[in-house]
Amino acid sequence: MSEQISANNKELGQKAVAALEKNRFHAAFYDTAQEAVEQIISMIPSDATVGIAGSWTVQQLKLVELLEERGNTIFCHHKPGLTPEEVLETRRKQLTCDVFLTSTNAIIADGRLVNTDGTGNRVAAMIFGPKKVIVIAGTNKIVESIEEAEERIRITAAPLNNKRLNRPNPCVNTGHCMDCQGPTRLCNVTTVLHKRPPVSDIHVLVVGEELGY
């Protein structure tokens, strides 16, 4: 990464953090993903139960492996070999875990978080339930408006996540959302966190690197 890009990411990230803090989120900026990972591990007690969202960012950072090696109990519904019943039960456990790890589809520059889900367990856990929610996102997810957030989901997050999950939806071929109507649709519910809900402990870690979709 060039010095100019790094400096620009830092400026974008620090402004987003200030806006998030104004909206009552706990927020911090980290230059690198490694720094953020170290901070996340330090925020999670070794005996905590940890819910894992279906997040490519969390997978990229190998957080599940690090926490499992340390001995944490992990609720990860996308582990291979789970039956549909086990997947559903794991998703329910994520709603009452000690710590929920996720990313976000977009951070609006004014400090709002925008997310679109297929099942809804991720956005539900982000809003209320777990004792602590940790959101980690690269500066590539910072946008200027709700319209840009929705566009980012339509042309980046939705198509790439459909490809990652091998969903037979039209955006896999077109590269952008087609408002599909089939049972495998991933874009079923969209939430906007305008402010941190008063009884939810939400921490947003913004990283000056490109992470996730």
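Predicted model: local features only at pLDDT ≥ 70, side-chain atom pairs only at ≥ 80, totals over all residues.
F128 counts as exposed, because its relative accessibility is 57% and the cut-off for exposed is over 50%.

Together with I127 and V199, F128 makes up a nonpolar patch. The accessible area of these three residues together is about 320 Å².

## How α2 and α4 pack

Let's turn to a pair of helices. In general, two packed helices are described by the angle between their axes and the distance between the axes. Here, helix α2 (residues 33-43) packs with helix α4 (residues 63-70) at an angle of about 40°, and their axes lie 11 Å apart.

That angle is why α2 and α4 are described as oblique to each other: angles under 35 degrees would count as roughly parallel, and those from 65 to 115 as roughly perpendicular. The crossing of α2 past α4 is right-handed.

## Salt bridges

Side chains of opposite charge can pair when their charged atoms come close. Across the whole structure, a search turns up 8 salt bridges.

One of them joins K79 and E68, with 2.4 Å between the closest N and O atoms. K79 is in the loop between β3 (73-76) and α5 (84-94), while E68 is in helix α4, so this pair ties together parts that are 11 residues apart in sequence. Both partners fall between the cut-offs for buried (under 20%) and exposed (over 50%). K79 counts as partly exposed at 34% relative accessibility, and E68 is partly exposed with a relative accessible area of 35%.

D179 is partly exposed, with a relative accessible area of 49%.

## Y30 in strand β1

Finally, a look at a tyrosine. Y30 lies in strand β1 (residues 26-30). With a relative accessible area of 17%, Y30 is buried, because the cut-off for buried is under 20%.

How far apart in space are Y30 and R167? From C-alpha to C-alpha, Y30 and R167 are 33 Å apart, and 137 residues separate them in sequence.

Conventions:
Residues numbered from 1 in each chain as written. Heavy atoms only, no water. Patch = residues over 30% accessible without salt bridge, like charges linked within 9 Å, V, L, I, M, F, W, Y side chains within 5 Å. Areas by Shrake-Rupley, 256 points an atom, 1.4 Å probe, with all protein chains shown as cover. Salt bridge = Lys/Arg side-chain N within 4 Å of Asp/Glu carboxyl O. Buried < 20%, exposed > 50% of the residue type's maximum accessible area, 1.4 Å probe, protein only. Axes fitted to C-alpha atoms, helices over the stretch in contact; angles between N-to-C directions. Helix = DSSP H or I, 4+ residues; strand = E, 2+ residues; numbered from the N terminus. Parallel < 35°, antiparallel > 145°, perpendicular 65-115°, else oblique. Left-handed = near helix turned anticlockwise from the far one by under 90°.
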